[in-house]
Structures are given as structure tokens and as C-alpha cells.
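This report goes through selected features of the structure displayed below.

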Amino acid sequence: MRKYFSRFLFLGVVVLTSCFGKEPLNTECDIEVASVHVENPAEVFHHEYDTLKVVNSASDNIVFLIRSYENVAQLPLSLRITQGATAYILNEDGSAEKFRNGSLVDFSNEKTWKFRIVSEDKAWSRVYSIKVAHDYPTEGDFCLDFENYALDATGKYYEWSITDANVANVFTDAKWKNGNPGYKLSKSSAKPMEYPSVPLVGEGPDGSACVKLETKDTGSFGSMVNMRLASGSMFNGIFDVSNALKDALRATRFGSPFAHKPVKMTVWLKYEPGATFQNRLGKPVEGVIDEPDAYVVFYRNQDEAGNEVMIDGTDMFTNPYIMGIGRLSHNLNEDGSDKMGDTPIHGLNSQWKLVEIPLVYTKEVDQDILANKGYSLAISFASSWQGGNFQGAIGSKLYIDNVSVYCDKDEY
Amino acid sequence: MMNKMRYILAMVVLLSATVMQGQDSWEKWGPTKGMNGAGVVVRAGYTLGGTSPIPLPKEVRSINTFAPKGGATIGVDVYKMFCKRWGASVGWHFFYEGFHTSADVKNYKMSLTMDGNTMSGYFTGTDVTNTDMWGMTMPVMATLRMSPRWNFSFGPYLSTYFKRNFSGEVYDNKDGIGYLRVDDPTGEKVNIDRNNPATYDFSDNMLQWNVGLEFCFDWKACRHMNVFGKLDWGMTNIWERDFDAVAFKMYPIYATIGLAYRY
């Protein structure tokens with residue numbers, strides 16, 4: 001009876017509203033995937049998968065990295081764009097030409113091309129830059145001092161660029177990544193200095209700028225999605241904001257190809273744990289003191305089938321392609337997993353300390369693979385070591401400065 | 001019982017002029033005290049319905065489930081007949097009503113503000129909503145005696161809510177598509193799936209009052225007992241004026257069938 005009645009009632013509503021209106025046209029205008037075609041990808045690129053770029057929804061800059069001694073000219077380019085959208089290639093004189101997939105584009109001399117994607121409903125558009133750049137060889141050792149920071153394009157939070165050409169390619173988009181873009185979504189009212197990762201002028205051990213990572217409450221929106229805190233973080237790799245809600249651990253992807261074998265990282269650190277450690281539900285956990293994390297991981301970045309391998313928040317210490325790991329000292333369970341407790345062994349306190357973190361290798365590094373950028377280097381810091389699972393103490397602060405990575409000098 | 005109720009419902013809906021009226025006397029089925037007398041009707045009924053945008057916005061692509069929760073109404077009407085056919089009534093009806101719906105939406109504009117933080121954008125995916133309302137409706141109606149045993153009443157009503165709930169969650173649809181474009185369609189794309197849906201609760205943004213029209217049919221089953229069917233159609237938006245998380249106006253539409261006792 002109830003069923004019939006409700007059907008009847010609903011039918012009434014639908015009849016009154018003359019069914020569903022015509023489906024609205026798509027409003028989005030993204031390049032989702034870009035790919036170039038070459039006859040001999042393994043020779044031109046370091047990895048065959050480098051011919052295809054999955055484009056992050058927030059990114060409008062697509063760079064294909066080729067080997068330093070290679071050159072390309074006219075390459076067929078294919079773009080996968082939002083359904084119904086139209087792609088235009090913008091000429092230097094400002095004119096736009098409809099772009100057909102597979103058309104030849106002159107990518108010689110690192111020439112940058114602009115593409116405009118117009119949505120199906122014609123109301124929205126985005127402009128992308130696409131180029132093919134050389135991946136020049138770099139020296140092994142490097143030091144990063146966090147002196148180059150600026151507000152992001154929206155003016156909401158700070159981001160740190162790598163200006164040293166020697167290291168720039170070890171950082172996707174030549175930038176340190178962190179959770180700030182995610183925090184922006186949950187706390188739109190936050191001022192730049194209220195974000196989890198912020199610069200501190202003149203407070204480094206050498207009197208220059210350093211970075212403060214602080215575990216922050218994500219407010220009502222964070223609770224809405226059961227992510228009540230955001231650990232301050234700094235790493236090289238990709239932070240995929242698009243999937244930060246869906247699968248936060250996998251949205252944090254660490255590392256970039258690196259042609260040297262790192263042996264140790266040194267870094268200046270100081271740490272103040274927050275008062276109360278809380279679990280994912282926001283409930284206090286007795287007998288647990290928050291701890292920071294700092295680690296460096298070296299891993300094989302391609303599987304046997306030639307697919308890209310990138311470690312993420314689920315497997316940064318357990319991925320089978322890992323060659324060696326260096327990590328701040330922690331209590332661990334017998335199976336190697338993190339053991340939370342109230343007796344941390346990291347040895348950090350509120351005074352600056354130069355910490356040396358050696359890499360321990362469990363596999364032999366192959367020199368040929370190394371020279372061909374078949375390994376990736378990941379560097380990562382967090383103010384709450386369990387922050388990936390949204391556990392930690394709000395107010396935990398990790399200060400970082402002068403990260404140095406030292407490489408094996410006998411490598412060639 | 002079920003068949004009879006269905007039958008009655010059909011009668012109500014079709015506005016049928018009954019063939020029985022010829023044999024029935026106006027006096028026999030009239031008010032208890034003469035043709036222009038006054039009286040009281042006590043009503044109890046089963047309420048079903050929903051709160052919906054009208055017309056359905058084009059952003060709503062399909063309704064997966066629409067399941068009114070069984071509601072209830074009890075109330076009393078005081079009436080006065082002015083002549084053989086016309087009269088008036090006022091009523092106080094207490095009700096509980098609610099519904100559950102799941103709809104697929106595309107580019108559904110939304111904006112949420114909580115604790116001074118705003119998240120806005122366009123959502124594509126599945127939106128599940130639960131609504132519950134406890135309150136009181138006060139109709140003021142004109143009554144037309146269409147026949148000795150059939151009354152039709154209509155008029156405006158004012159509802160007030162004692163307790164309201166409008167909450168739900170958004171996640172991916174059956175094709176696995178569920179995302180928010182932050183701020184506008186070129187903004188960051190934030191995927192949302194059913195394993196970690198985004199929940200919302202707009203209960204506090206619902207207005208305390210609603211004004212609408214009530215239509216009620218009474219069929220006099222025996223000397224003191226009516227079977228009735230009524231429809232309450234809300235004419236005012238359920239949302240506060242400055243509320244913009246839901247980009248369109250929504251109206252409560254609830255129907256009741258039940259029994260009434262005439263004094």
C-alpha cells in the first residue's frame with residue numbers, strides 16, 4: 001500500500017515537473033591525459049611511461065622530460081580532454097586553431113605551446129602549457145635551505161620552489177609538496193601563516209628562514225569527512241588533491257627520478273609534541289606521545305612490465321621496489337610497523353639539532369639502471385608521524401632547515 | 001482493508017461525483033445539529049510525501065530512490081456550515097513527516113559554510129537526503145458539500161516545526177563518478193566516494209514556518225465516521241533567505257489518508 005501510494009505521489013510530482021529537463025552540457029574543460037608518440041621511446045626518454053602524462057586537475061603545466069642528449073622536432077601529440085570540450089592550439093600571433101589529436105607539434109628547442117580547452121557549454125575555458133624539456137645530468141650531493149618561498153597563485157598559502165637547477169628535477173614542478181592545498185579546502189578562512197606548513201623568517205639555526213610544520217585541526221569540514229587533523233608535511237613528489245578525500249594515503253606520492261645513490265641525509269630539526277594524541281575519531285589516546293617523521297627512501301621506479309612505480313602513504317617503507325631507507329629513529333613492532341607509545345627515541349626536543357639519517361640498503365643498486373634514472377629518491381618530513389591516518393596531536397611542531405643529501409662518490 | 005483503502009484513494013484522486021448521492025439525504029449526512037450547524041472533526045491519518053524542488057532542476061539527472069518515511073497526523077477541525085453547501089473550518093494538526101531520497105546530479109551548485117569556512121563548487125555524483133519534520137499545521141478552509149456524503153475543503157495553512165532535520169551525504173554514483181569542482185568548473189577536482197562520503201546537515205537552515213494550500217476530501221462512511229484524504233502543498237521555500245548550500249527552492253508536499261470522527 002505504502003509503496004503504491006508513494007509511487008503514485010512521486011509520479012504526481014514528476015508529471016507536475018514535466019519529467020527531467022534536458023541534460024545540461026558539460027562545463028569542464030580539462031586536459032586529463034597528454035601523450036606524445038616517438039618511434040623509440042626508450043632511447044628518447046628515461047622511461048617509456050614518460051611519453052604519457054596524467055594531468056592533475058589543479059595543474060596547467062605539462063612537461064615531457066627527455067634525455068639530455070636527445071632532440072625532438074615534430075611530434076604527434078594526443079590530448080584526452082573532458083567529454084564534449086574542444087581543444088585549440090594557440091599560435092604566437094594569438095590566433096587559435098582547432099587542435100586535432102595526433103597532429104604534429106614542433107617541440108624542438110624546448111618550445112612551449114599553449115592550448116586552450118573550451119567546455120562543451122562554451123562558458124568555461126582553461127589554458128595549458130605543454131613542452132618537451134631536457135633532463136640534464138645533475139651532481140649528486142645537494143642542500144635545500146627553504147629560502148625560496150612565496151604565496152601560491154590564490155594567495156592562500158606558502159609554497160617552496162627549488163631554484164637550484166641541479167636539484168630542480170628531483171622535485172616534481174620544482175616545488176616542495178605538502179598538505180597545504182588540502183588544508184585550504186577545509187579551512188578557507190585560514191591565513192597563510194595558519195597553514196600546517198609555513199616559513200619562519202630568521203628562525204633557522206643559521207639565522208635564515210626555516211620551515212615550521214604544525215599539526216592543525218581541520219575544523220568542521222575535516223570532521224565531515226573524518227579527517228580531523230592535518231599534519232604539517234614537506235616532501236618531493238605529487239600531492240594529488242583530487243584524491244585526498246577518497247584515499248588520502250595514496251594521494252600522497254613520494255619521490256622523483258634521481259641518478260645518484262644517496263647514502264645519507266642530514267637535516268636540522270627541532271620538535272615540540274602537541275599536548276594530546278588523538279585517534280582518527282578525534283578521541284584522546286592515553287599513553288601516546290606524538291612523534292615527528294623524517295625519512296629518505298630510494299626505490300626502483302619501474303616494474304618488470306615497464307609501468308611506473310611510485311611509493312605512497314600506504315607503502316613508503318614496504319613497497320617491494322624499495323632499495324634502501326633512512327628514517328628518524330622510532331619504536332617499531334616486530335613486524336616493522338610503527339609502535340606508538342610514550343617513550344619516543346627520536347631524540348629531538350625544542351633545541352635545534354643536526355640529525356644524520358643514513359640509508360640502509362637491502363638491495364644492490366644497479367649502476368646502469370641508476371645512470372638511466374631508473375631509481376627515485378623520496379624525501380619526506382611530517383609533524384605527526386601517524387598524520388597520514390589523521391592521528392596525532394594538534395599543535396605538534398616540527399621545525400626543519402638545511403636538508404642535505406650525500407651520495408655515493410664511487411658510483412660511476 | 002488494503003483494497004478498500006486503494007479504492008477510496010482512487011475515488012479521492014479522481015474527484016469522482018458519486019452515484020450514491022441520489023439515495024442519500026442531505027439531512028442524514030449533514031452536520032449533527034441542523035443544516036447550518038457547527039461541529040468538531042477529530043482526524044488521524046497516515047502521511048507520506050516529500051520535500052522537493054519544483055520544477056525539478058536540470059542538474060538532477062535521475063532519482064534512484066524516493067522513499068517517503070511513514071508519517072502520521074492527528075488533529076482536530078472546528079467547522080461551521082453557513083448553508084446547505086458552504087461552510088468553513090479551522091484546524092490544528094500535529095504531524096510527523098519525512099522522506100529519504102537518492103538522486104544523481106550533475107554540476108549541482110553548492111556552497112557550504114561552517115564555522116566561518118566556506119566550501120563551494122559544483123558537485124557531480126549521488127546525493128542522498130533524509131528529511132524529518134515534526135510540527136503543527138493550522139489550516140483555514142472553505143468547505144463545499146459536493147453531495148450528502150462528500151465534502152471538499154480547501155484553503156491556506158500555516159505550519160510550524162518543532163523539530164526539523166535535513167541531512168545527507170554525497171558520494172560517487174553507480175558509475176564511480178563523484179566529485180566536486182572547487183569554486184567553479186575549472187577549479188580543483190575533489191573526488192568523493194562512498195567509502196568516505198561527505199556528510200551534510202542543513203537542519204538549522206530550515207525555516208520555522210511554512211505556508212501552503214491544503215485540499216481535503218471527506219467521505220462520510222457512517223454517521224460519525226469519515227474517511228479522508230488530504231494534500232498539503234507547501235508554497236514557501238523551506239530554506240532561510242540567505243541559505244545557498246542548496247541552489248534551489250524546495251517545497252514540502254505531503255498527502256494524508258485517514259479516518260475522522262465527527263462530533
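## Two loop residues with positive phi

A:Asp173 is found in the loop that runs between α3 (165-168) and α4 (180-186) of chain A. In this model, which is predicted, A:Asp173 has a positive phi of about 60 degrees, although the residue is not a glycine.

## A three-stranded sheet in chain A

In chain A, three strands make up an open sheet, in the order β18-β19-β24, and their pairing is antiparallel. The edges of this sheet are taken by β18 (237-239) and β24 (311-312) of chain A, each of which has a single partner strand, so that one side of each is left without a neighbour in the sheet.

Strand β19 of chain A, residues 252-254, pairs with β24(A) in the antiparallel sense, and two bridges make up this pairing. Across from A:Asp312 in β24(A) stands A:Arg253. In general, the strands of a sheet pair through backbone hydrogen bonds, in either a parallel or an antiparallel manner.

## Chain B as a whole

Chain B contains two helices and 11 strands, and, read from the N terminus on, its elements run α-α-β-β-β-β-β-β-β-β-β-β-β. Of the 263 residues of this chain, 39% count as buried. When contacts in chain B between residues at least 6 apart in sequence are considered, 70% of them join residues at least 24 apart.

## Where chain A meets chain B

Between the two chains, 40 residues of chain A are in contact with 41 residues of chain B. On the side of chain A that touches chain B, α1 (2-16), α4 and α5 (219-224) of chain A each supply at least two residues, and the largest share, eight residues, comes from α1(A). By residue class, the side of chain A that touches chain B divides into 18 nonpolar, 15 polar and seven charged residues.

Key:
Residues numbered from 1 in each chain as written. Chains lettered and ligands numbered in written order. Predicted model: local features only at pLDDT ≥ 70, side-chain atom pairs only at ≥ 80, totals over all residues. Pairing = 2+ DSSP bridges. Helix = DSSP H or I, 4+ residues; strand = E, 2+ residues; numbered from the N terminus. Buried ≥ 20, exposed ≤ 12 C-beta atoms within 10 Å, placed from the backbone. Contact = placed C-beta atoms within 7 Å. Nonpolar A, V, L, I, M, F, W, Y, C, P; charged D, E, K, R; others polar.
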